[in-house]
Amino acid sequence: MLIIIRNILNIIFSALKLIIFLKKSMIMPNTPPLVRTVVCLDATVPMLRIGQQEADKEHLSNMVFVKGYAEELPFLDNSFDIVFSRLAFHHFTDVTAVFSEMVRVLKPGGKLVMIDMEAADEVLRKTEDEIETQRDPSHVKNLSKTEMLSLFETHGLAIEKCETTEIPQRLENWLALTRTPDLIREKIRQRMRADVTGNDKMAQRSGRRHKSRQRLPKVCFPCIAQ
């Protein structure tokens with residue numbers, strides 16, 4: 001019987017996705033999970049409540065849900081084998097503070113995993129963040145690949161794996177994810193139509209088109225500390 005004992009901290013904005021991941025980490029329904037304890041941290045009680053409900057449905061008893069802020073993690077140094085953040089960093093105003101906290105609670109030799117959207121090139125970056133903020137007011141900004149890599153390098157983490165996966169996204173599904181109000185949805189649609197037809201003045205000034213706004217690339221940076 002294979003049992004890998006690990007303590008995992010997950011800084012969440014999508015509790016349901018974490019539940020799916022943990023369900024897949026079960027070797028078989030009647031055997032122990034691959035992880036001993038998973039601590040899920042979020043600043044909002046509703047998100048934590050959803051996570052707890054989903055964990056109960058899947059009979060996952062090794063999950064603990066904690067309210068807290070990523071900038072000040074309520075855990076001792078060297079507490080976790082894996083520290084995991086999925087699609088959260090674009091919500092943070094001080095990404096360095098959050099990353100430093102993740103490193104602080106990571107055990108020596110542990111793994112730090114970061115998954116988030118990668119910023120567009122500089123010509124379109126401001127426009128991309130404007131549209132994202134319209135869609136989701138909690139959005140701050142997408143980091144570039146260089147900025148993400150710099151976080152790992154600055155904190156002395158050796159990058160084990162780095163890859164970019166472009167995921168096609170339908171506009172209406174993308175807007176529905178954040179329950180964007182109808183008025184804002186229509187403004188975004190109009191901006192998209194202008195881009196497709198070549199009538200977007202901002203794109204014309206820059207000499208670029210940004211039809212890729214309907215595609216949300218995600219970047220995964222699993223790393224292991226030196």
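1. Confidence differs among the elements of this predicted model. Helices (H or I, at least four residues) and strands (E, at least two) are runs assigned by DSSP and numbered from the N terminus. For the protein, the mean pLDDT is 77, and 73% of the residues reach 70 or more. Over residues 1-5 the pLDDT is below 50, and this stretch has ten contacts in the model beyond near neighbours in sequence; a contact means heavy atoms within 4.5 Å. Residues 26-32 also have a pLDDT below 50, with eight contacts beyond near neighbours in sequence. Where pLDDT is low, the predicted coordinates should not be read in detail.

2. The following conventions apply. Residues are numbered from 1 along each chain as its sequence is written, and side-chain values use heavy atoms, with hydrogens and water left out. Local features need a pLDDT of at least 70 and side-chain atom pairs count only at pLDDT 80 or more, whereas totals for chains, interfaces and linings use all residues.

3. The protein has eight helices and nine strands. Among contacts with a separation of 6 or more, 76% are between residues 24 or more positions apart.

4. Strands β4 (residues 80-86) and β5 (residues 106-117) run parallel and are joined by six bridges; two strands pair if DSSP finds at least two bridges between them. The chain passes from β4 through helix α3 (residues 95-105) to β5 in a right-handed β-α-β crossover. Right-handed means that, with the strands pointing away from the viewer, the path from the first strand over the helix to the second runs clockwise. Within the pairing, valine 83 stands opposite leucine 112, and phenylalanine 80 stands opposite leucine 106. In β4, seven of seven residues are buried.

5. The structure holds four aromatic pairs. Rings of Phe, Tyr and Trp (its six-membered ring) pair if their centres lie within 6.5 Å; planes under 30 degrees apart count as stacked, over 60 as edge-to-face and the rest as tilted. Phenylalanine 75 and phenylalanine 80 form an edge-to-face pair, 5.1 Å centre to centre with 85° between the planes, and both residues are buried. Phenylalanine 89 and phenylalanine 92 are also edge-to-face, at 5.3 Å and 80°, and both are buried. Ring pairs link Phe89, Phe92, Phe99 and Phe152 into a cluster.

6. Helix α7 (residues 182-197) has 16 residues, which at 1.5 Å a residue should span 22 Å; its end C-alpha atoms are 22 Å apart, so the two values agree. The expected span is 1.5 Å times one less than the number of residues. The buried residues of α7 are Arg185, Ile188, Arg189, Arg191, Met192, Ala194 and Asp195.

7. Methionine 148 lies in helix α5 (residues 145-154). Methionine 148 counts as buried because its relative accessibility is 0%. Its C-alpha atom is separated by 9.9 Å from that of isoleucine 115, 33 residues away along the chain.

Technical notes:
Buried means under 20% relative accessible area, exposed over 50%, partly exposed in between (1.4 Å probe, protein chains only). pLDDT is the predictor's confidence in each residue, from 0 to 100.
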